[in-house]
Amino acid sequence: MARVAVIGAGGVGSVAASVIRDEGHDVLLVDRSPEIASRVAERRRLPFAVADALSPEDVKKAIGDVDLIVTALPGSIAYRALKGLVNLGVNIVDVSFFPEEPDELSQLASKAGIMVIMDAGVAPGLSNMLVAVGDRKLGGLKETRIYVGGISERPDPPLGLVPSWSISDLIDEYRRPARIISDGKVIQVDPLSGPLGTIYVPGVGELEYFPTDGLRTMLRTYSSASFMAEYTLRWPGHVNFIKGLKRLGLLEHKPIRVGGVQVMADEVLASLIWSLRVPHKDIVVLVVEVCGKSGEGIRFTQVTRAEEDVLAMSRVTGSFLGFTALAVLEGKVKGSGVVFPESLGLNEEASGDIMTRLSVNGMEISEETFTCGQ
């Protein structure tokens, strides 16, 4: 039995903590908020401690000696927190989508003799692993298309989604240039200008997609690919609605006057999105298409639904985070410095174990072959 500290008691962190605990390990849930930590710990039947993730001394005092640290922190502070936590000399599995490049963190982790698995979420994370599984099975990768989205379980215009993550991060998906690989070169495209399209997902229906900046480390790992892109999925009509908001200037971080009060335009949009949240449960749809050099392709599809009081997004993200942590504890993943999530897919034992655990827990990933270009 290993001792594990899970830092961040939100939806994702709490699911990951339960997943690891259910495999017989001693798990301590850590959060800087005493109220959140105690409430979640009681519901999940876990011990808890209070500590500020930005203070490695505070964390060390709270967790003592552990075998692994799992972090589920806001992207805005995650990189700073990780740079301090590596000095504790314990392997880390992190889910946070931080904007910084990982080079300095990798150097610090290598110096400390540990590894940090970054982006252990859905996309990036599970999507990266599946791309690498396809690469391994096909004997080489030529093209990849990733389609992913957290949406409401049935269409509900104009948004058709259940906000289950940071609203500011959601807005950034529409305004941050999307980096894709085209003809072997990294280029940037406007998310709302294209390429746009629709895809039919069995068991869900027709969804529309637009490019988003989620390739992350795969821009390095697969820099020689002829084409690679990530697309966000939404119910039909969503993109045109967001385009209208953009024309109104609501995607911009600039001051406007509302009722005689000066506010930021994107903050108004954030309030609007929150007010338009639907009363339905969410689902998470992930489709990963990998084309090999021979023209043969593999398509992976996963549809995750909410369970009781757990959002689908928290369920699949926290589960993948927890299963990745278990792979580390079981010695199936080794290394030093920053480890990219696609490395999991190149490791047949680790990726097979994670996919089996997902299936056993009702988040099965189907796999089918297809002919590329048809």
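Visitor: How much space lies in the second largest pocket?

Guide: This is a predicted model, in which local features need pLDDT of at least 70, side-chain atom pairs count only at pLDDT 80 or more, and totals for chains, interfaces and linings use all residues. Residues are numbered from 1 along each chain as its sequence is written, and side-chain values use heavy atoms, with hydrogens and water left out. A pocket is an open set of points on a 1 Å grid over the protein atoms alone, where a 1.4 Å probe fits, with protein on both sides within 12 Å along at least five of seven lines. With volume taken as the space filled by probe spheres set on the points, which are joined across faces, edges and corners, the second largest pocket holds about 500 Å³.

Visitor: Which residues are the closest to the centre of the second largest pocket?

Guide: Lining residues have an atom within 4 Å of a point, and 21 residues line this pocket. The closest to its centre are Ser18, Val19, Asp22, Arg44 and Glu307.

Visitor: Which elements give two or more residues to that lining?

Guide: Elements are DSSP runs numbered from the N terminus, helices (H or I) having at least four residues and strands (E) at least two. Those that give two or more residues to the lining are helix H1 (11-21), helix H2 (34-44), helix H11 (312-329) and H13.

Visitor: How do the residues of this lining divide by class?

Guide: Ala, Val, Leu, Ile, Met, Phe, Trp, Tyr, Cys and Pro count as nonpolar, Asp, Glu, Lys and Arg as charged, and the others, Gly among them, as polar. On that basis the lining has seven nonpolar, three polar and 11 charged residues.

Visitor: At what angle do H11 and H13 cross, and what does that make H11 relative to H13?

Guide: Axes are lines fitted to C-alpha atoms, for helices over the stretch in contact, and angles run from 0 to 180 degrees between N-to-C directions. The axes of H11 and H13 come within 10 Å and cross at roughly 135 degrees. Angles under 35 degrees count as roughly parallel, over 145 as roughly antiparallel, 65 to 115 as roughly perpendicular and the rest as oblique. H11 is therefore oblique to H13.

Visitor: Which residues of H6 meet H13?

Guide: Helix H6 (residues 126-138) packs against helix H13 (residues 348-360) at about 125 degrees, with axes 11 Å apart. Contact means heavy atoms within 4.5 Å. From H13, the partners are Glu348, Ser351, Ile354, Met355 and Leu358; from H6, they are Leu126, Met129, Leu130, Val133 and Arg136.

Visitor: Is H4 roughly parallel or oblique to H5?

Guide: Helix H4 (residues 75-85) and helix H5 (residues 103-112) have axes 9 Å apart and an angle of about 20 degrees. H4 is therefore roughly parallel to H5.

Visitor: Where does arginine 45 lie?

Guide: Although arginine 45 is not a glycine, its phi is positive, about 60 degrees. Its place is the loop between H2 and strand E3 (48-50).

Visitor: Which residues does a cis peptide bond join?

Guide: Proline 124 belongs to the loop between strand E6 (115-117) and H6. With omega of about 5 degrees, the cis bond joins alanine 123 and proline 124.
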